[in-house]
Structures are given as C-alpha cells and as structure tokens.
Amino acid sequence: EDIVRFLSIVSWIAVVVVTSSCGIEISEGPGHADPAHGDDPIAWFEGDFEDAFELARQENKPLLLYWGAEWCPPCHHLKATVFRTPEFVAKSREFIPVYLDGDDERAQILGEELGAVSYPTVLIFSPGGDEIMRMPTNIDSAQYVALLDSALTRMRPIGEVLAAVLETGAAQAAPEDLNLLAFY
C-alpha cells in the first residue's frame with residue numbers, strides 16, 4: 001500500500017512537471033473554481049445520482065457521467081484538454097452532466113455497479129437510465145464532441161447493440177455498432 005501511495009505521488013509530480021512545461025493548466029476539477037479559468041464552465045449537476053436520473057427523465061435529456069478523482073493525473077488531463085473547450089462545454093448542455101468523485105462516500109459501490117474500473121470513466125445514459133455509450137478517455141475534444149453527437153442521435157442501449165452484433169455476427173454487423181463496442 002505504501003508503494004502504491006508513493007507511485008501515485010511520483011506520478012502526480014511527473015504530470016505537474018510535464019504539463020506545466022507544456023503550458024497545460026491543471027484545474028481543480030469539476031465543481032471547483034480554478035483561478036486561471038474562473039468557475040468550471042460545465043454545469044455539473046448538484047445532488048445525488050438518483051436525483052440526476054430523475055432530472056434526466058423529466059427533461060428528456062441523456063445523462064453524461066464523469067467518474068474521476070481529484071488525485072488522478074489522467075482526470076486532470078481530461079479536464080484541462082477536453083472539458084474546458086468551448087465545443088465540449090456547449091455540447092454538455094444537451095446532457096445532464098454529473099461528476100462522481102471516486103473518493104466520495106458510496107462512489108466505489110456505484111462505480112462497481114456501473115462497471116467503472118478506472119479513472120477517468122465517462123458514460124452516457126439514456127433519459128430512462130440505459131447505458132448508451134462508454135467513452136474512451138484518450139481522445140481529443142473534437143472526437144468527444146463527435147461521440148456525444150453520435151450518442152444523441154442513436155440513443156440505443158449498449159445491451160441492444162451487443163445483442164444485435166451477436167445475432168448477426170461481426171461480419172454482418174453495422175460498422176458503427178462494432179466501433180461502439182470497441183470502447184468496451
């Protein structure tokens with residue numbers, strides 16, 4: 001456990017050194033003020049997860065769940081390079097954006113229920129609560145916006161996508177279905 005903690009600290013220091021030398025700013029994370037950027041531009045939902053789904057149903061909007069942690073270097077990279085872009089911020093308004101801090105009470109239990117095994121994890125749910133997409137976290141802002149657009153237009157539960165591919169076989173499956181399943 002001490003070695004893991006030590007490696008986490010060393011990794012964090014390396015990210016800070018590298019990003020500061022590259023001009024990338026490290027933000028405080030969703031829901032926190034960042035002196036360099038002002039308030040977080042994404043209107044993250046305030047409240048518990050169940051209330052977020054209720055709001056998604058009421059407004060008939062999909063839910064965008066970002067599961068991260070304040071100590072997570074890849075999370076800081078995602079927030080600094082994707083979540084701050086005007087295109088992503090604008091697209092986030094078409095969703096109920098929810099930030100789940102992996103260190104909060106019950107977050108690990110919820111993460112386990114969602115199958116989130118690493119930080120960061122970004123998931124899209126339909127207004128009814130079906131998982132639509134599990135997004136890769138190592139893509140740029142333009143690719144994120146394209147995937148969010150795809151989620152908005154398809155709104156097809158991932159379970160249905162998988163069932164269709166298994167039924168027809170990969171050779172006969174729709175390329176967009178195979179592309180979507182590649183993220184799992």
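Two strands count as paired if DSSP finds at least two bridges between them. Helices (H or I, at least four residues) and strands (E, at least two) are DSSP runs, numbered from the N terminus.

This is a predicted model, in which local features need pLDDT of at least 70 and side-chain atom pairs count only at pLDDT 80 or more, while totals for chains, interfaces and linings use all residues. Residues are numbered from 1 along each chain as its sequence is written, and side-chain values use heavy atoms, leaving out hydrogens and water.

**View 1. Strand 1 (residues 63-68) runs parallel to strand 2.** Six bridges pair them, and Leu 65 sits opposite Val 98 of strand 2. Strand 1 also has five bridges to strand 3, this time antiparallel; there, Leu 64 has Ile 124 as its bridge partner.

**View 2. Strand 3 is covered on both faces.** Look for Thr 121, Leu 123 and Phe 125 on one side, with Val 122 and Ile 124 on the other: all are buried (under 20% relative accessible area, with a 1.4 Å probe and protein chains only). Because five of its five residues are buried, strand 3 is largely enclosed by the rest of the structure.

**View 3. Strand 3 and strand 4 make a hairpin.** Four bridges join these antiparallel strands, and Leu 123 stands opposite Arg 134 of strand 4. Five residues lie between the strands, and Gly 129 in the turn has a positive phi of about 100°.

Definitions and conventions. Buried < 20%, exposed > 50% of the residue type's maximum accessible area, 1.4 Å probe, protein only.
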